[in-house]
Amino acid sequence: MAGLKLALYRMIKQNTLLRRAARTAGRAVWNIEYKMIRRRCRTDDKLYVFESYQGRQYACSPRAIYEELLKKEAREGYRFIWVFREPEKYSWMLKNPNTTIVKLGTREYYEAFARAKFWIVNSRTRHCLVPGSDQCFLQTWHGTPLKRLGCDIMVEGNNVLSSAEIKKDYQKEGGRVTYFLSPSSFYTEKIASAFGLREDDKHRKVLELGYPRNDELFQPDTAKVSEIKRQLGIPGDKKVILYAPTFRDDQHTQDGCAFTMGFELENFCRELGDEYVMLFRTHYFVTEQVDLRPWKGIIIDATRWDNINELYLVSDLLITDYSSVFFDYANLKRPVLFFMYDLEAYQENIRDFYLDIRELPGDIVSTEEELYRAVRRVYSEFAYDERYRTFHSKFNYLDGPHTSRAVIDRLHALCGTGRRG
């Protein structure tokens, strides 16, 4: 039976019409189930529900807000529910005060959203989860966007959904959200556009307070950094490169996204392996596994390391492409390189960008040979110059060490207190 289900699932994933029909049917079932559960539930003003990367990780701003709530609100009777696809991996969280874990898609999952006053989410959620008038849906999102999102995608580079379908999905999400978080006026404009917010909704719904997930970048713990290096197996005499590329919309497979490296790991090890180690982290949409065993000790798989901030803190250099990770990393005032080997194709055929790439804080390289030369150069010549300062003052000026507390206090002030049904 399990084999039959898997074969059916793969057949649906490979066929566009079947995939769309299955998605429509699935949403209809979820809608009915959630509405029935919602009718029976009362909203509890002291209950939070958290979901990060669609239940894949304990990470990002939901994690930062939750950990701040544990310091004070847990003592005041607030309770917390986390949603995971694999809840057994996070059973250790049950030791935390007033914390419960539920599995994505179960009845307990729907009940959590039906009862919780506060929803803290960093990615798109199931369409059936529409908050009541006495609930607060905070969409933290997961990064300042470089590449266009949602309603702003102008090309048909995604082979799963058309741009019209994507636009419709994002508009619905924008309508459900109570508040969005923003670390800058630039972000406010782009997130409002991406989710199809009207001008009055933009001013009402977007809270310019900074990004909670970046709090810990402003208060690094030296002992913790050393422990993270030990756990990752980073030799003490090596410089650390974090390589964090994004996914490509046109590389979908039956199970997720494929991945193209853009350079040969063997060449990287030969050119840089004596001085450097690489923390290799793909986007969570990428399901294709890269065999790193031949380069053990030089290339370290960090894809399943939940808290990317910890990878930022132990690294000396970030290499990315079109991912938003460099916005957060810039808070550390460390060098960034952009390896954009497919820049023209990406910009014209897949996403395009929200900003002029000349505003990027680091150099752009397009070939493997340029990449290795740039890595060596940046270590010997890097300075936090006017380019980096200008970038920070435009995109990260609201980030700081106490954003999580500011967000919690603002939510409680805006959403009121008391138990209502």
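**Cores and salt bridges in a predicted model**

Let me begin with the largest nonpolar core, which has 76 residues, and in which Phe-113, Leu-146, Leu-232, Leu-279 and Phe-326 are those with the most contacts inside it. By a nonpolar core I mean a set of buried Ala, Val, Leu, Ile, Met, Phe, Trp, Tyr and Cys residues joined through side-chain atoms within 4.5 Å, where buried stands for under 20% relative accessible area, exposed for over 50%, and partly exposed for what lies in between, with a 1.4 Å probe and protein chains only. Apart from this core lies another one, of 27 residues, which includes Tyr-48, Phe-118, Cys-136 and Cys-415.

Before going on, please keep in mind that this is a predicted model, in which local features need pLDDT of at least 70 and side-chain atom pairs count only at pLDDT 80 or more, while totals for chains, interfaces and linings use all residues. Residues are numbered from 1 along each chain as its sequence is written, and side-chain values use heavy atoms, with hydrogens and water left out.

Next comes Asp-301, which lies in strand β10, residues 299–301; helices (H or I, at least four residues) and strands (E, at least two) are DSSP runs, numbered from the N terminus. Asp-301 counts as partly exposed because its relative accessibility is 44%. Leaving aside residues up to four places away in sequence, Asp-301 touches Phe-280 and Leu-292, and a polar atom of its side chain lies 3.1 Å from the backbone nitrogen of Thr-303. Asp-291 is 10 residues from Asp-301 in sequence, and the two are 9.3 Å apart in space, C-alpha to C-alpha.

Now to the charged pairs. Side chains of opposite charge can pair when their charged atoms come close. How many salt bridges does the structure hold? There are 28 of them, a salt bridge being a side-chain nitrogen of Lys or Arg within 4 Å of a carboxyl oxygen of Asp or Glu.

One of these joins the side chains of Glu-68 and Arg-405, at 3.3 Å from N to O. That pair links distant parts of the chain, since Glu-68 is in helix α3 (residues 60–71) and Arg-405 in helix α15 (residues 403–415), 337 residues apart. Are these two residues buried or exposed? Both Glu-68 and Arg-405 are buried, and for Arg-405 the relative accessible area is 18%.

Arg-405 also forms a salt bridge with Asp-409, with the closest N and O atoms 3.2 Å apart. Because they stand 4 residues apart in helix α15, Asp-409 and Arg-405 are separated by about one helical turn. Asp-409, at 40% relative accessibility, counts as partly exposed. A network of salt bridges links Glu-68, Lys-71, Glu-73, Arg-405 and Asp-409.

My last pair is Arg-124 and Asp-169, a salt bridge whose closest N and O atoms are 3.0 Å apart. Arg-124 lies in the loop between β4 (116–121) and β5 (136–139), whereas Asp-169 lies in helix α5 (residues 163–176), so the pair ties together parts that are 45 residues apart in sequence. Arg-124 is partly exposed, with a relative accessible area of 22%, while Asp-169 is buried, with 7%.

Key: Contact = heavy atoms within 4.5 Å. Polar contact = N/O pair within 3.5 Å; in protein donor to acceptor, adjacent residues only side chain to side chain.
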